[in-house]
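Thanks for asking me to look this one over. Here are a few notes to read alongside the coordinates, as numbered points.

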Amino acid sequence: VEVARAATSQALFGARGELSVSDVPAKLLETTGQGDQRFALVIGPVDKPSAEQLRWMLLDKGRQAKVVLGDDYQGAARELP
């Protein structure tokens with residue numbers, strides 16, 4: 001589940017701190033996008049039903065969230081605390 005995108009990886013560290021999902025890992029990924037689409041904050045991977053449940057949980061908390069396949073992600077993910 002993709003939660004946010006930003007131009008820098010540092011910009012997404014604060015967004016991670018606002019999430020309260022402890023049993024699913026948060027990761028930072030570089031994308032092939034440009035500008036404010038360059039980095040993505042992602043929670044997962046999880047199966048489709050779990051992704052939809054997580055997406056709705058985040059939406060109910062007022063967060064942006066979408067289920068993605070990660071087609072434009074590149075390189076290894078960076079685990080976040």
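**Notes on a predicted model**

1. Let me begin with Lys 66, which counts as partly exposed at 48% relative accessibility. Please keep in mind that this is a predicted model. Lys 66 sits in the loop between α2 and β4 (73-79). Not counting residues up to four places away in sequence, Lys 66 touches Val 1, Glu 2 and Arg 55.

2. Next, have a look at Arg 55, one of the contacts of Lys 66. Arg 55 is part of helix α2. Is Arg 55 buried or exposed? Its relative accessible area is 19%, and the cut-off for buried is under 20%, so Arg 55 is buried. Leaving aside neighbours within four places in sequence, Arg 55 is in contact with Val 1, Ala 65, Lys 66 and Val 67.

3. With 13 residues, α2 reaches 18 Å from its first C-alpha to its last, close to the 18 Å expected at 1.5 Å a residue. Its buried residues are Ala 51, Leu 54, Arg 55 and Leu 58. Viewed down the axis of α2, these fall within an arc of 105°, so they line one face of the helix. That buried set packs against β1 (2-6) and β3. On the face of α2 turned away from the buried side you will find the exposed residues Pro 49, Gln 53 and Asp 60.

4. Two backbone details are worth checking by eye. Gly 44 and Pro 45 are joined by a cis peptide bond, with omega about 10°, and Pro 45 is placed in the loop between β3 and α2. Just after α2, Gly 62 adopts a positive phi of about 85°.

5. Finally, the largest pocket, which holds about 210 Å³ of space. Which of its 16 lining residues are closest to the centre? They are Val 1, Val 42, Pro 45, Val 46 and Val 68. At least two lining residues come from each of β2 (26-31), β3 (39-43) and α2 (48-60). By type, the lining divides into 11 nonpolar, two polar and three charged residues.

Conventions:
Residues are numbered from 1 along each chain as its sequence is written. This is a predicted model: local features need pLDDT of at least 70, side-chain atom pairs count only at pLDDT 80 or more; totals for chains, interfaces and linings use all residues. Side-chain values use heavy atoms; hydrogens and water are left out. On a 1 Å grid over the protein atoms alone, a cavity is a set of points where a 1.4 Å probe fits but cannot get out, and a pocket is an open set with protein on both sides within 12 Å along at least five of seven lines; lining residues have an atom within 4 Å of a point. Grid points are joined across faces, edges and corners, and a volume is the space filled by probe spheres set on the points. Helices (H or I, at least four residues) and strands (E, at least two) are DSSP runs, numbered from the N terminus. Ala, Val, Leu, Ile, Met, Phe, Trp, Tyr, Cys and Pro count as nonpolar, Asp, Glu, Lys and Arg as charged, and the others, Gly among them, as polar. The expected span of a helix is 1.5 Å times one less than its number of residues. Buried means under 20% relative accessible area, exposed over 50%, partly exposed in between (1.4 Å probe, protein chains only). The arc is that of the directions from the helix axis to the C-beta atoms. Contact means heavy atoms within 4.5 Å.
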